Amino acid sequence: QPVEATDDAFWDQFWADTATSVQDVFALVPAAEIRAVREESPSNLATLCYKAVEKLVQGAESGCHTEKERQIVLNCCRLLTRILPYIFEDPDWRGFFWSTVPGAGRGGGDEDDENARPLAESLLLAVTDLLFCPDFTVQSHRRSTVDSAEDIHSIDSCEYIWEAGVGFAHSPQPNYIHDLNRTELLKLLLTCFSEAMYLPPSSESSNTNPWVQFFCSTENRHALPLFTSLLNIVCAYDPVGYGIPYNHLLFSDYREPLVEEAAQVLIVTLDYDSSTSSSPTVDGTTTGTAMDDVDPPGPDNLFVNYLSRIHREEDFQFILKGVARLLSNPLVQTYLPNSAKKIQFHQELLVLFWKLCDFNKKFLFFVLKSSDVLDILVPILYFLNDARADQSRVGLMHIGVFILLLLSGERNFGVRLNKPYSVRVPMDIPVFTGTHADLLIIVFHKIITSGHQRLQPLFDCLLTIVVNVSPYLKSLSMVAANKLLHLLEAFSTTWFLFSAVQNHHLIFFLLEVFNNIIQYQFDGNSNLVYAVIRKRNVFHQLANLPTDSQSIQKGLQRKKKTPEPISRTNSQDGVSMEGSRPAAPGIDKLTEKSQVSEDGTMRSLEPESSQPSPEGNSPSALSDGEPWSGESSQSRRDRRRLSSASSTGQWTPTPDWVMSWKSKLPLQTIMRLLQVLVPQVEKICIDKGLTDESEILKFLQHGTLVGLLPVPHPILIRKYQANSGTAMWFRTYMWGVIYLRNVDPPIWYDTDVKLFEIQRV
């Protein structure tokens with residue numbers, strides 16, 4: 001039966017206990033009981049929440065000077081972390097924290113209810129105050145501890161930032177009790193923000209999270225120091241532990257759980273759809289005319305605002321070094337096994353790095369200004385290679401590729417890739433001597449040829465990245481050159497080209513790569529030229545691709561006969577080309593045009609836990625960039641008309657459709673190159689009786705095609721374009737990661753999450 005709110009003896013038993021931990025609270029308060037109270041005595045659940053928030057507010061008011069007060073605050077914190085998900089999963093309760101509790105005025109009910117804050121706001125403000133509470137979560141600056149109670153409101157929390165770094169020079173003495181208390185409060189914050197998990201995915205940007213919105217608004221007087229504290233705690237963290245081997249096995253690291261929690265809270269507060277706002281341009285001003293001046297520059301989410309306004313070189317250096325150090329941590333090879341601590345929060349770091357580049361263009365340019373960008377590239381390639389065969393890590397594959405796509409839109413990235421690759425990171429890839437560009441191509445080849453089926457939608461992105469950097473690659477190694485030709489060989493088989501409406505795009509990308517290198521970097525690329533000459537029959541076959549119905553049918557029959565992954569034995573590495581068996585048509589392009597292309601080549605990106613998107617509303621449908629330059633919408637319409645859809649809705653290739661794109665294959669440059677060089681190479685072989693590659697390579701190194709090639713085409717870069725679909729994908733992916741990473745205690749386990757599907761393995 002209902003218990004009166006005034007019955008303190010009853011309610012106090014929930015938080016008066018001294019020796020609890022968050023794990024105890026989860027064990028003592030089972031899910032079934034929370035749901036039972038919610039259904040059968042809702043007034044008691046409401047009172048419990050209200051009372052727990054009231055205790056946090058009192059703790060924040062008083063400054064938590066006694067051990068007893070701190071204990072009560074922590075217990076209320078744990079209890080709310082336990083209960084909130086069960087409030088969120090029930091649509092009838094979802095508004096509860098946004099209602100004002102009658103008589104919740106501080107004066108005990110006499111004053112106007114107009115001024116009463118919603119419970120959610122009181123809760124968030126209390127937690128932020130508690131995060132800067134001297135002797136509880138921050139070092140006290142005073143000698144005597146008998147401070148007066150109003151001090152908590154007069155302190156300038158900017159003097160209590162948790163760690164040196166951006167905008168703060170002083171590194172406070174580490175205190176593990178403070179770290180533990182901060183971690184518990186941040187866990188509660190994250191739980192408050194997790195209401196987003198209980199709403200189905202939608203691409204409505206109006207779908208802002210009210211908890212995050214209030215927390216990141218000017219109502220939160222600690223917004224700046226808190227943003228700075230979270231960012232600095234993450235970027236300053238050095239998990240290796242001052243270089244003493246096995247250090248982490250001897251001392252429990254209290255900093256790591258705090259760093260993880262800080263990284264998660266940070267990326268959630270930065271969940272902001274930049275494509276819909278007037279986003280600040282490079283110099284921090286918003287794009288727009290004088291008429292639009294009513295809008296303040298930048299978003300009203302203060303965390304996004306502060307992030308976009310960081311501009312000092314030393315701050316950028318601190319952030320980049322920190323993120324690179326942490327991303328490289330899982331790659332660190334030590335002679336003593338397990339001697340260095342391996343961090344687990346690389347996915348959160350990748351999201352954070354993405355947000356930094358997306359919201360702060362000056363940071364992006366800083367990253368690309370020096371070869372430090374390679375310290376981000378190598379770990380990403382490591383993760384992509386490592387996760388390529390694991391279905392459950394498809395989200396990690398997507399974010400890694402998105403980041404590289406974003407970077408590849410800038411010329412400097414391509415230039416940086418020419419730096420020799422000498423650090424040997426433990427990766428199962430062929431040994432090669434070359435540059436970072438070679439590493440990138442070799443890893444991409446491996447993803448395409450030996451990844452799993454669900455990576456198919458990423459092939460376009462992977463090849464777009466290679467196209468974007470290709471005009472700047474000074475000298476590819478023989479290994480990388482052979483990998484590119486192997487991809488061309490695999491993608492130009494008739495059954496692959498004829499089996500899905502967009503498969504031929506991959507050929508266009510690869511031809512564009514060869515053309516860029518031949519036209520702009522011929523001099524240093526004798527390895528690639530040699531590989532092209534050796535595999536010249538592939539180009540001739542493409543030029544003579546049959547377009548009659550009979551041949552198309554025959555090409556498709558060949559596919560039906562080989563349902564098992566075909567092993568392409570004729571290519572140098574007998575890799576099974578499983579990755580290039582066509583999946584359901586669908587192309588995820590995030591470049592250039594941000595509208596859906598007319599031929600509807602579209603497919604949702606699948607987040608970590610795959611979720612079907614409702615019919616007709618495909619939230620993560622990403623815009624389909626033009627597969628080759630200069631195609632008009634008219635010819636797109638023709639192409640759609642030409643590829644007939646049969647009565648079953650099954651697409652079938654037609655001669656007209658094949659002709660429509662075959663005629664546009666950019667083969668002129670390569671054909672001209674073959675026409676000039678093949679006779680010369682054959683002549684040398686005959687004259688000198690050569691079978692040795694090195695002589696031919698020497699000849700090609702000194703050869704020139706000046707004046708013999710067609711006029712160089714303009715370089716076409718496909719830049720990443722933000723849209724609400726990608727914003728939704730990031731939100732889903734981020735919460736999927738947070739859900740899976742919070743297992744002790746399992747905050748959201750077995751609750752009715754709607755944002756993604758949980759697959760029990």
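Biologist: What should I know before I start?

Modeller: Residues are numbered from 1 along each chain as its sequence is written, and side-chain values use heavy atoms, with hydrogens and water left out. The model is predicted, so local features need pLDDT of at least 70 and side-chain atom pairs count only at pLDDT 80 or more, while totals for chains, interfaces and linings use all residues.

Biologist: At what angle do α3 and α4 cross?

Modeller: Roughly 115°, and the axes of α3 (residues 31–40) and α4 (residues 42–62) come within 5 Å. Axes are lines fitted to C-alpha atoms, for helices over the stretch in contact, and angles run from 0 to 180 degrees between N-to-C directions. Helices (H or I, at least four residues) and strands (E, at least two) are DSSP runs, numbered from the N terminus.

Biologist: Which residues of α3 and α4 meet?

Modeller: Val37, Arg38, Glu39 and Glu40 in α3 meet Pro42, Asn44 and Leu45 in α4; contact means heavy atoms within 4.5 Å.

Biologist: New topic. Where is Lys419?

Modeller: In the loop between α19 (411–416) and α20 (436–450). Thr435 lies in the loop between α19 and α20 too.

Biologist: Is Thr435 buried or exposed?

Modeller: Thr435 is buried, because its relative accessible area is 11%, whereas Lys419 is partly exposed at 39%. Buried means under 20% relative accessible area, exposed over 50%, partly exposed in between (1.4 Å probe, protein chains only).

Biologist: And what does Lys419 touch?

Modeller: Not counting residues up to four places away in sequence, Lys419 touches Ser371, Leu374, Thr435 and His436.
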